[in-house]
Amino acid sequence: MPESGRDDDVLANAGRLLEMVNSSWMPQALRTAAELGIADLLAHGPRSAPDLAEATSTHAPSLHRLLRALVAIDVVSERDDGTFELTASGRLLQTDVEGTVRSWTIYQGRDVWDEWGLMLEAVRTGRSGREIATGKRGDWKPGFEPLRDDPERAAIFNRAMAELTRLNARSLVAGYDFGGYARIADIGGGYGELIAAILAAHPGSRGILFDLPHAIESARPHLEKNGVLDRCEVVSGSFFDEVPGGADLYVMKSVIHDWDDVRAAEILGNVRRAMGATSRLVLIERLMPERMKPGKEFHALARADMNMLVAHAAPERTAADWRRLLESAGFSVAAVSPVTATSSAIEAVPAG
């Protein structure tokens, strides 16, 4: 190959790498816009940078620069008169609109940001970034326990989880037959986004929503808003202690992937003990491939697995991994089937 051809290849490959390396500004620009409430302020029409700066108590020239950066990623657009207005993507940073991802944007850009910077240490030690950040193992509170003492952070986290579930709830309800179960328990269900969608689609079913107190305390208004509170029992507690009994179907969406195999088996064991002989468990989880490949379709899988590493020192799992884990907790896998573009239903029944 001529020397110029090799140079072109090097430049192209360097450009691809640098595009990824230098992309960290985007989540921070989005997080800043979300925390300032820019989308809510623009919800009723275009406004100028000085006007928005006054409304947000920010430095007007700096906010103007942020708005111009948001133009570049199609979150706002700049009009001929110099005012800014929301794009279709930018509208999803509003607080209360269908499809909002405002809380998720804040959670990823603020509460998880420092953990990503600890990936090297996580890979070296097998410990999560959250644990490493405390400096001392004895000071670390595992999982979601720290949220108990931080109501504002807990609210952002719970709203973020609800936002992601809301985006997929229709597909989940359409992709899995919940209609054959009289009593459905959503374990670790947060604000109740999924159980509300299930009960709304199946008026003959009743539900149980189970999660930690910081999640459950805001669930009742949400269930009432969706017209299903009268058919859903709301129970607080830890699935490391016990889970409610008496359900025909136990649903856990994006819960077990937060935990390593030892803790995951402990949770699943408690679910197994709560189940009746004919009860069924369905896990809604992402399936990792046996082998990764280059390409955009694998980016979300890689991001999810690295997120679990730095946040929880827990893995996303392959179908074989899920089978082994469930068998270790006293289950037999009955079926595995895709329910959305990114998740599958892993059905399990009590073994033996």
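What follows is a short chat about aromatic rings and charges in a predicted model.

Me: Hi! Before we start, what kind of model is this, and what pLDDT do local features need?
Reply: Hi! It is a predicted model, where local features need pLDDT of at least 70, side-chain atom pairs count only at pLDDT 80 or more, and totals for chains, interfaces and linings use all residues. Residues are numbered from 1 along each chain as its sequence is written, and side-chain values use heavy atoms, with hydrogens and water left out.

Me: Great. How many aromatic pairs does the structure hold?
Reply: There are six aromatic pairs. Rings of Phe, Tyr and Trp (its six-membered ring) pair if their centres lie within 6.5 Å; planes under 30 degrees apart count as stacked, over 60 as edge-to-face and the rest as tilted. Among them is Tyr 176 with Phe 178, an edge-to-face pair at 4.8 Å centre to centre and 65° between the planes.

Me: Is Tyr 176 buried or exposed?
Reply: Tyr 176 is buried, at 8% relative accessible area; buried means under 20%, exposed over 50%, partly exposed in between (1.4 Å probe, protein chains only). Phe 178 is buried too, at 1%.

Me: And why is the pair of Phe 239 and Phe 240 edge-to-face?
Reply: Because the planes of Phe 239 and Phe 240 are at 70°, with the ring centres 5.4 Å apart.

Me: New topic: which ring has the charged end of Arg 263 over it?
Reply: That of Phe 240, with the charged end 3.9 Å from the ring centre. The rule is NZ of Lys or CZ of Arg within 6 Å of the ring centre and within 35 degrees of the ring normal. Arg 317 also lies over a ring face, that of Trp 322, at 5.1 Å from the centre.
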